[in-house]
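Please read the following briefing alongside the sequence and the coordinates, which are shown just below. The points after them are grouped by topic.

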Amino acid sequence: MTTVDPKLRTVRTACPYCGVGCGVLATPDGSGGAAISGDPSHPANLGRLCSKGSALGETLGLESRLLYPMIRCKGGMERVAWSDALDHVASRLKHIVARDGEDAVAFYLSGQMLTEDYYVANKLMKGFLGSANVDTNSRLCMASSVAGHRRAFGADTVPGTYEDLDQADLLVFVGSNAAWCHPVLYQRMLANKQTRGAKFVVIDPRRTDTSSEADLFLGLRPGTDAALFSGLLVHLADSGALDGDYIARHTSGFDETLARARNLAGSSAATALATGLSEPDVAAFFKLFRDTPEVVTLYSQGVNQSAQGTDKVNAILNCHLATARIGKPGMGPFSLTGQPNAMGGREVGGLANQLAAHMGFTPPDIDRIRRFWKAPDIATHEGLKAVAMFEAIARGEIKALWVIGTNPAVSLPDADLVRAALKKLELFVVSENVRSNDTVDAGVHVLLPAQAWGEKSGTVTNSERRISRQRAFMAPAGEAMPDWWMLSEVGKRLGFASAFNYTSAADIFREHAALSAFENDGSRDFDIGALASLSDDEYDTLAPVQWPARAGKPPAPRFFADGAFFTGDRKARFVAPEVPALRSETNAARPLRLNTGRIRDQWHTMTRTGLSPRLSAHQPEPFVEVHPDDALRYGLMHDGFAKVTTEHGQCILKVVVSERQQRGMLFAPIHWNATNSSHGRVGALVASHTDPFSGQPEAKATPAAISPYEYVFRGFILARSELALPSHLWWARATVSGGFGYLFADNGDLMRWPAWFKARATDDVTDYMDVGGGVYRAASFAGDRIETCVFVGPGHDAGDWNVVKTMFSADRLDDDQRRTLLSGRAPDGVGGGPIVCACFGVGRDTICDAIAGGARTPAAIGAQLKAGTNCGSCIPEMKRLIAQTPAQAEASVKVAS
């Protein structure tokens, strides 16, 4: 009989990135890594993965991992036993609650936690510590959608499914760069467009890559989405496109909402004036929506991350309710969730204004959960939402904070205030799987090693309400433990042993499922009671399942086609939005608006994606995108540097000049932080204005100024391990194949570089110095392999980063390569230019050569190079390269051949 090593079997699990919820097949390689591929049987992705999911195997190393519990002692962190760490956390929490009350403590959680971890955290804080001061980074992501759903539907219900995206004839993207942020779903919708002829409308101040396939692009002014959809509601009413029967039988508040809409945008002309769009474009959109019953409106961070986000969501929902285009195949509003388990966190009550199982702070719900949990001291009022929570920490009102699986010192607005606030805590606990990030480095008192993706086991819920198992396929690193176990052990030490006597994630899931069905006669949307009696084996083998999954009831994949909303009278509420107005005004000192967001290949603050060489290749430096007219006005050069300043802070960023950016607007990505850049903490620039209903901060419109910033020298360093750099540099670190790369700019003395390099070099060194030309290049070797190299020069004369990076990744250099290394130029067979396709590592120069050789379509390039044939998120960039490569280049090649 052949014995198969169980550690090397292929395991079905779920991706830990966005809310698409892709299924993943992970096959351990026996050496601490794993081969990763998409799961063709998973209904969310049918085998496709994006660049981030495809690179998961590159993020499993232990180099940056937190392996043991640690406590701060005499200024430093020391390793301790688990029992000592947990005793300390419980003792300090008990002391602070006894002295200052339960609202002096708080938990800050993450949409990357598993549902079981989330459930225990909420139960401990809200049920037994008696405070609702537990919030999550989902507050920064989807809180406005939650609030909009609850206002309209009476519950946080996503009405539709991914199948609607296949069946829609019109797909409207609002504030969603799905091509980059949800690329697997985008490719699914693109297949609908190519096979069925579906139309795309993209509504966004930025002409993102999602707009590359748009039949109509509406580049509206920031903050005016509610005016656009109010105008659409008026048009639908005036053109006879309403479903009067549905409105009468299943909704309330329509007349008042329509009257408000008329005041905001009573015609196409008024809508154009309110949004900055042309009247013909507005009219074209209105007609498309009116004449296309099968329409899905998809919205994401551009809608949510706004001080008017909830009103924007309700303005969208109003149009679908008014036409009864909801809960039917190919129809409905669809919130694209940003995190892998933001939905699961919402199900367990992870937000400070919710209780578990989609219940709220009403007396009946409080009493129901009190009885179910046997928790006499359950919280009876809402807690502090994320921004208010950290402001309370800064004021000294919250004394103890437990952060789990997130990096608020980077991701929250006004991030420098957050970082300073953390230093004031009496008890600062972080559960993490990395040793260092901006939050950990802000003065943590207790560090608890958490199991990472690949080690932990539980469930997540995706954007279409589909619950999937995330399964372990690797042994835990060091002494890492599940978050639910840490929380349960602290609960026991606080005197609540009977409530936290869990032995597995399956125990917790069964309780979670049972609570969802407890006294639920259909009056609550979230019900997975059919899963409450799963055995351990059934839990381990659980296939993806969509809720509701009511015991004894058939599946119901969609909501609201026939009404049955979750309000008191079972009718939906039309909600009239307020007059759209951004919370802060530009002025002479801050004449621009800063929009922030994600880039294609990175995730949040890079603690995972930053470990992957291929994900670090596409855009390795923090940047700000500027319209050409603004670049000219403010003296900025493409690929130069600029200082971006707001009322809250400043950054120095590389400049990208692009016509896809709106005049008067700047865009900067959120990912860089103090651990991987010197001046790239963009969260420190963002104002902390919040939506009055959702508490979600406005991350898209902070008043800002920009000015050029000059550096004399530029350069890069490649090394096998992380390095301490000279002082007063601008730098950004990127993981490269075989080690780490540092791109830098410098106004210091060129002569400091030889001494700095030699202190870190082996005995085998080659170097070149041109003092007059401002050039220094040096490399040290270990055998035939580069160990460390540094290239410094004026402007762009430091050498080709991509060429040298390729040589650095080689196991050995021959004599010719070694001789040409310090030239910084490509010998035969080396290079390829900046990476365009992260999935297959295809560079821009290689793609341009293929285009010049006759590959004039993405399909032709894909057939030749494989670029664009996996997740497809690089296809818009390839199309731009095709457009930029003159057709005569192809012709000249053909003549020459």
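Predicted model: local features only at pLDDT ≥ 70, side-chain atom pairs only at ≥ 80, totals over all residues.

Gly458 has Gln470, a residue of strand S18, as its bridge partner.

- Strand S17 and strand S18, the latter made up of residues 466–470, run antiparallel and are joined by 4 bridges.
- These strands belong to an open sheet of 3 strands, in which the order is S17-S18-S19 and the pairing is antiparallel.
- The edges of this sheet are formed by S17 (458–461) and S19 (545–546), each of which pairs on one side only.

**Nonpolar cores**

- The largest nonpolar core holds 115 residues, of which Phe107, Ile203, Phe229, Phe285 and Trp402 touch the most other members.
- Helix H3 (residues 115–129) gives the most to this core, contributing 8 residues.
- Another core, of 64 residues, lies apart from the largest one and includes Ile36, Leu56, Phe217 and Ala850.
- When residues up to four places away in sequence are not counted, Phe229 touches Val174, Ile203, Phe285, Thr297, Ala315, Ile316 and Cys319.

**Helix H12**

- Among the residues of H12, Val282, Phe285, Phe286 and Phe289 are buried.
- Seen down the axis of H12, the buried residues fall within an arc of 100 degrees, so they line one face of the helix.

**Cysteines**

- The structure holds 0 disulfides.
- Cys874 is in no disulfide, and the nearest cysteine sulfur, which belongs to Cys837, is 4.0 Å away, whereas the cut-off for a disulfide is a pair of sulfur atoms within 2.5 Å.
- Cys874 has a relative accessibility of 4% and therefore counts as buried, and Cys789 is also buried, with a relative accessible area of 0%.

**Backbone details in loops**

- Trp547 and Pro548 are joined by a cis peptide bond, with omega at about 10 degrees, and Pro548 lies in the loop between S19 and strand S20 (572–573).
- Arg570 has its place in the loop between S19 and S20, and its phi is near 65 degrees, a positive value in a residue other than glycine.
- With a relative accessibility of 34%, Arg570 counts as partly exposed.
- Lys374, in the loop between helix H16 (363–373) and helix H17 (386–394), has a phi near 55 degrees, which is a positive value in a residue other than glycine.
- Lys374 counts as exposed, because its relative accessibility is 67% and the cut-off for exposed is over 50%.

How values were computed. Residues numbered from 1 in each chain as written. Heavy atoms only, no water. Core = buried A, V, L, I, M, F, W, Y, C linked by side-chain atoms within 4.5 Å. Buried < 20%, exposed > 50% of the residue type's maximum accessible area, 1.4 Å probe, protein only. Helix = DSSP H or I, 4+ residues; strand = E, 2+ residues; numbered from the N terminus. Contact = heavy atoms within 4.5 Å. Arc of directions from axis to C-beta. Pairing = 2+ DSSP bridges.
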